[in-house]
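I'm opening my notebook on a new protein today. I'll jot down what I look up, one topic at a time.

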Amino acid sequence: MRTLYLDVISGISGDMFLGALLDLGVDLEAVKTELAKLNVAGYSLSAKKTAQSAIFGTSFRVQLDHGTMDTGFTEHTHDHHHDHDHDHSHDATPYVADAHEHTHQHEHDHERGHHHHHGGARHYTEIVDLIQSAALSDYVKQHALAIFKAIAEAEAKVHNVSMAEVHFHEVGAVDSIVDIVGGCIALEQLHVDRVISSPLVDGTGFITVAHGKMPIPVPAVMQMRAGTSIPVHQRDDIHTELVTPTGMGIVKTLVTTFEALPSNLTVEKVGYGFGTRDIGQINALRVMLGTTAPLSQQVVETNADDVLEMSANIDDQSAESLAPIIDRLVAAGAYDAYFEPIQMKKNRPALKLTVLANPVDQAAMTHLLLQHTTTAGVRYQTLHRTIMQRHFSTVTTEFGDVRVKHLTYQDIEKTKPEFEDCERIANTRGITLQEVYRAVYRQLDSAL
Ligand SMILES: O=C([S-])c1cc(C(=O)S)c[n+]([C@@H]2O[C@H](COP(=O)(O)O)[C@@H](O)[C@H]2O)c1
Ligand code: NI
């Protein structure tokens, strides 16, 4: 299963997220090509390879063209570094107050005595239309819309307005659209099956935006935590915002579990997406891209371990809608998952779902169980077990290479050709599975 792990060492914003994915190798030109399918113009993107604390990563920025914003307004050029860089007090995001009350504090406007106008503001509903009508993939549309919805719901609640009244003013609108839609495009290109995250880190204190001083976590971020158990650790030595509303919207929508880097994840790549502000330490979102090999193909060096057994009795869900949970649990790393027919209270024929998993995956498995079944609770017990050590070798036969599993316990040894390899060869060569097995054992015997 292809996994993206967010290591939120110093917060997360929209451009840190996209920067980190670009750092993993996503092609910026390909992202630009997809973004061009949106009816948004007047911006350019840059992704610079740069260093912080001698660590190289990617600094991704959205730059609005001078006087060519898609809004038709030609007020100012704004190189928009909203993440972690609010000294200029430019509130870039969801903006909900009456436009005429909002005085833009950007220096260009101050110099020219401009009152910021919001003729270019985009309502949440317009952004939804913009995304829905674009020729983007369903994956990108669904995920981007879900992120915008999470942010707009939080903004609506914080400012006590309806969703339809939430609007993103011109700079913030382009920036958020590019960060969010671009992030989803990048994610699709990485073919990620799941996104998991470390607990989040935010700062403390207050930041100044156009509306005044906002407590950290900023209200929209705090609101998005309502009804969730998203873990956030606040650093009392960092007095600025590290998690922006866009960053939290991305996390809330995409992340399925918050946990330490899974022990069975084979990390293929590490990427860093930089924020702009100097926070006295590396200011980056670190991401790891990796895969979890099927359990039967993992090396085991021990003869004993603990296994978590989880179960739930279910009497009110159709067999049809229950069945997919097994594949989801196994894809997320469960050793096994299965149903047993049972008889429940009120004479109801029902199913008992049992999951065997690594104890470190308890949170992830629980989340999947509660999300995809009707059960209101899950039972746990930790079991001790004896297991055979497991190693692998590759045997070359006249039909092709076959992986072989070697199991050992004290004086006991077992050897088993990998079923998937034998099955593939049997199918492509038009021979029986037995013929492939025999060819493998001939090679093993001749090596003795
Ligand atoms: O403009 C508004 S209404 C606004 C509200 C909030 C709330 O938390 S409510 C926060 N902000 C700040 O704007 C910038 C940009 O955020 P991005 O999500 O675009 O990265 C950030 O400092 C927010 O805290 C603005
Ligand atoms: Ni403004």
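In what sense do β20 and strand β21 (residues 400-409) pair, and over how many bridges? I looked: the pairing of β20 with β21 is antiparallel, and 9 bridges hold the place of contact on my list. One thing to keep in mind from the start is that this is a predicted model.

**Entry 1**

I wanted one actual pair of residues to look at. I picked Q389, whose bridge partner in β21 is T408.

A reminder to myself: strands of a sheet pair through backbone hydrogen bonds, either parallel or antiparallel.

Next I checked which helices cross this sheet.

**Entry 2: the four-strand sheet**

I then turned to an open sheet of 4 strands, ordered β17-β18-β16-β19, again with antiparallel pairing. The edge strands here are β17 (336-344) and β19 (379-386), each pairing on one side only. The twist averages 25° from one strand to the next.

I went through two of the pairings. β17 and β18 run antiparallel and are joined by 9 bridges. Q343 has P349 as its bridge partner in β18. These two strands form a hairpin with 3 residues between them, and K346 in the turn has a positive phi of about 60°.

On to the other pairing: strand β16 (residues 304-314) is joined to strand β18 (residues 348-357) by 7 bridges, and the two run antiparallel. L308 is bridged to A357 of β18.

This sheet has a helix across it as well. Helix α11 (residues 362-372) lies across β16 and β18, at about 15° to β16.

**Entry 3: a helix and its buried residues**

I looked up helix α5 (residues 138-159), which has 22 residues. From first C-alpha to last, α5 reaches 31 Å, close to the 32 Å expected at 1.5 Å a residue.

Which residues of α5 are buried? I listed V140, H143, A144, I147, F148, A150, I151, A152, A154, E155, A156 and V158. I also wrote down a rule for reading such lists: an α-helix has 3.6 residues a turn, so residues three or four places apart point the same way. Just after α5 comes N160, with a positive phi of about 55°.

Background first: most residues other than glycine have a negative phi, and most peptide bonds are trans.

A54 has a phi near 65°, a positive value in a residue other than glycine. A54 sits in the loop between β2 (43-52) and β3 (55-64). Is A54 buried or exposed? A54 counts as exposed, because there are 6 C-beta neighbours inside 10 Å and the cut-off for exposed is 12 or fewer.

H191 isn't a glycine either, yet its phi is positive, at about 50°. I found H191 in the loop between α6 (170-189) and β8 (194-197). H191 also counts as exposed, because it has 8 C-beta neighbours inside 10 Å.

Then the cis peptide bond: it joins I216 and P217, with omega about -5°. P217 is in the loop between β11 (212-215) and α7 (219-225).

In soluble globular proteins, nonpolar side chains tend to be buried together. The largest nonpolar core here has 67 residues, of which I12, L21, I177, V181, L285 and V287 touch the most other members. A second, separate core has 13 residues, including L329, L353, V355 and L368.

I picked V287 and left aside its neighbours within four places in sequence. The contacts of V287 are then L4, Y5, L6, D7, A20, L21, L24 and G271.

Last, the totals. I noted 13 helices and 22 strands in the protein. Of the 448 residues, 36% are buried. Among contacts between residues at least 6 apart in sequence, 74% join residues at least 24 apart.

Conventions: Residues numbered from 1 in each chain as written. Chains lettered and ligands numbered in written order. Predicted model: local features only at pLDDT ≥ 70, side-chain atom pairs only at ≥ 80, totals over all residues. Pairing = 2+ DSSP bridges. Axes fitted to C-alpha atoms, helices over the stretch in contact; angles between N-to-C directions. Contact = placed C-beta atoms within 7 Å. Buried ≥ 20, exposed ≤ 12 C-beta atoms within 10 Å, placed from the backbone. Expected span 1.5 Å × (residues − 1). Core = buried A, V, L, I, M, F, W, Y, C linked by C-beta atoms within 7 Å.
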